[in-house]
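User: I'd like to learn how to read a fold from its coordinates. Could you walk me through one?

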Amino acid sequence: MGISRILIANRGEIALRIHRAAHEMGIETVAVHSTADADAMHVRLADHAICIGPPSATDSYLNQAAIISAAEISGADAIHPGYGFLSENAQFAEIVETHDIKWIGPKPEHIRTMGDKVEAKRTAGALGLPLVPGSDGAISSIEEAAEVAEQIGYPVLVKAASGGGGRGMKVIPTAADLASAVAQAKSEAKAAFGDDTVYLEKYLGNPRHIEFQVFGDGNGNAVHLGERDCSLQRRHQKVLEEAPSPVLSQEERQRMGSIVAKAMAEMGYRGAGTIEFLWENGEFYFIEMNTRLQVEHPVTEAITGVDLVREQIRIADGKPLSVQQDEIEFKGHAIECRINAEDPFNFIPSPGLVTTYHAAGGMHVRVDSGLYAGYRIPPYYDSMIAKLIVYGRTREGCIMRLRRALEEMVIEGVKTSIPLHEALLNEPDILDGNYSIKWLEEWLGEREA
Ligand code: MV4
């Protein structure tokens, strides 16, 4: 028996995104929500809704027992975790499967492996992905760290095995800084993650962040859906993402894409995954793998025409991949602007009542958002309230359309990042695709000065 009712263990725009894919497949949805989200759009649209706790995410969206109970009570036969919250919790994935509920996500063992950044790197290396030069696994002494650092050359970076996404990293400029930096990194990692395992990497000074979207069927078949360039970030929060990357040729895409697809096939990966690379001077270096659907997945959907959530649901239901590699074509260009309820330039959160809401529309314009006029944005969660995804035949055409779409968007009652996006789309470096992971913070610094 196939999946007929999906519990969506998330909120906001991604809960709505999952609901839409499910309904398009004739599958019912169950929303679970905190008391603060009773009026959310995805709760209104879902076939069933269950309140699972108070506003605090710890007591609601992270409350595993409440979510499993909600699935049992509502007769859900599958759980989609979205991104964040429980999406990369291997133990939760195991519990779901133990209850004979389908987990719309990767195998728990693969979530666990990729969650440990030392294991992830070891696995990626064994599968033939190019790595950042560094220690072979965890650092077990300062002497060993000094030897590795001497070999790869300073500056080096010490990273926590349990970190990731920018948490638990420290740059070590010279040999004189090594011992104290490693000791400090270990004690911070112990405090933050309960695990003081750290490893060393060559510090790349000015890379781009380029990530490949992959899909596996869990039985040794896998495809790649090209890359996304996510270099525009502030404090490890992505601001704008695009596909394809302005710096990759079709040959480089195919070469790297086949390497990652082959690796995923070999490991028997199941579901959606993202392989993150740093890219510098034409070379790729694996850093991490995310074992979930990502916020920026719509740019990949725009240039490939593949519905990634539908694909996730099909795979969890034991169906084969709906597309083969030679059927996947990369056509045109797409850019996503993340719209947050916050001051556009000082980033102070701005929750509250949305008095007016008008979404942009027209050809090749997509808005993923649970907003409506009269909705009160709660202060308890992430400030992202909408994603504007625009497609064009060329990057230039995409940018022209994106400017037009940003002009059309009306969100009143709260501050939003729309003015930031408008400013970015007037910057020559952005228009030229000439930016690295450092660009945005430097630009913001100069604006302030
Ligand atoms: C790095 C790096 C430079 N060299 N590793 C930050 C998030 C985590 N995924 C890995 N990160 C980095 N790892 C080496 N060897 C620079 C970063 C980094 C970064 C990476 C991607 C996107 C934005 C970033 C912002 C600051 C630092």
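Predicted model: local features only at pLDDT ≥ 70, side-chain atom pairs only at ≥ 80, totals over all residues.

User: How many helices and strands does the protein have?

Analyst: Helices (H or I, at least four residues) and strands (E, at least two) are DSSP runs, numbered from the N terminus. Here there are 15 helices and 20 strands.

User: What does the radius of gyration say about the protein?

Analyst: For 449 residues a compact globule would come out near 22 Å, and the protein has 22 Å, which agrees. The C-alpha trace spans about 60 × 50 × 45 Å along its principal axes. Buried residues (under 20% relative accessible area, with exposed over 50% and partly exposed in between, 1.4 Å probe, protein chains only) make up 56% of the 449.

User: Which order do the strands of the eight-stranded sheet have?

Analyst: Two strands pair if DSSP finds at least two bridges between them. This open sheet reads β13-β12-β9-β10-β11-β14-β19-β17, with antiparallel pairing. Its edge strands, β13 (283-290) and β17 (365-369), each pair on one side only. From one strand to the next the twist averages 25 degrees. Zooming in, β11 (residues 237-243) and β14 (residues 333-340) are joined by four bridges, and Ala-243 stands opposite Ala-334 in β14.

User: Which strands does helix α10 lie across?

Analyst: Look for contact (heavy atoms within 4.5 Å), then the angle: axes are lines fitted to C-alpha atoms, for helices over the stretch in contact, and angles run from 0 to 180 degrees between N-to-C directions. Helix α10 (residues 297-304) lies across β9, β10, β11, β14, β17 and β19, at about 155 degrees to β14. Helix α11 (residues 308-316) lies across β9, β10 and β12, at about 40 degrees to β9.

User: Which residues of helix α15 are buried?

Analyst: In α15 (residues 439-448) they're Trp-439, Leu-440, Trp-443 and Leu-444. Down the axis, they fall within an arc of 125 degrees (from the directions from the helix axis to the C-beta atoms), so they line one face of the helix. Their cover includes β10, β11, α13 and α14. The face turned away carries the exposed Glu-446 and Glu-448.

Conventions. Residues numbered from 1 in each chain as written. Heavy atoms only, no water. Rg over C-alpha atoms; globule rule 2.2 N^0.38 Å.
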